[in-house]
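Please look through the structure shown here before reading on.

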Amino acid sequence: MQFGSHQVKFKMDSTEIITDSNTSVMDTVPVLYKNSIFVPLGILTTQLNIHQEWDQQNKLYSLSGKELMKTPMMENVEDLDRVPVDNENAFHLLSYKLTMGREKIHLTITAKNITGKKLDEGIEDLNTTFIFNNSTTTENRNRKRPSIDKDEIVTRSLDMPYPGTIENKKIMKGELEYILFKGRTLKW
């Protein structure tokens, strides 16, 4: 696997891992399942210097860091997201519920204001981007943004239609690959 300037090599049925020509040993092995190789995420993120965090209470595993946004796919998403940001880390994601319907995706997120202060109307940016195999969709950027109290827990729901492309006179729906959540405040 190549990520930025780092390269990590796993061997099937082996505890050996090679990172940038340095060999080390894991306490587990990669697994082949349905023609896909599953590797231990914690070991991979450690080898690639990606910050990881497990929230036991909410059962959420988070990856963060500017290096994650340097992949070609994420750079395209960032190019579409040109808004003046005041605080990149204003909210902590507590939970989410994703429902995949035939025509749309329903997502409910719950996040906590962790800025230590009340947020004025218009600056909350609980931003969700859906990344499909053939397109990227984001929620309405012009939506109403309510004021949020200090330490308030906010729940938001949104519906997104499946994007599609036309191929041979048939509409082909995109397959959801990632959901990118940003909990921040805006500068106006």
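Strand β2 (residues 6-10) pairs with strand β3 (residues 16-19) in the antiparallel sense, over three bridges. Here strands (E, at least two residues) and helices (H or I, at least four) are DSSP runs numbered from the N terminus, and two strands are said to pair if DSSP finds at least two bridges between them. Within this pairing, F10 has I17 of β3 as its bridge partner. The model is a predicted one, in which local features need pLDDT of at least 70 and side-chain atom pairs count only at pLDDT 80 or more, whereas totals for chains, interfaces and linings use all residues. Residues are numbered from 1 along each chain as its sequence is written, and side-chain values use heavy atoms, with hydrogens and water left out.

The β2 and β3 strands belong to an open sheet of four strands, which has the order β1-β2-β3-β4 and antiparallel pairing. Its edge strands are β1 (2-3) and β4 (22-25), each of which pairs on one side only.

Another open sheet has three strands in the order β10-β11-β14, and the pairing is again antiparallel. At its edges lie β10 (91-100) and β14 (153-161), each pairing on one side only. From one strand to the next, the twist averages 15°, where axes are lines fitted to C-alpha atoms, for helices over the stretch in contact, and angles run from 0 to 180 degrees between N-to-C directions. Strand β11 (residues 104-113) is joined to β14 by nine bridges, and the two run antiparallel; A111 has V154 in β14 as its bridge partner.

Strand β17 (residues 176-186) takes part in two pairings. Two bridges join it to strand β9 (residues 85-87) in the antiparallel sense, with N87 standing opposite T185. Nine bridges join β17 to strand β12 (residues 124-132), also antiparallel, and there F132 has L176 as its bridge partner.
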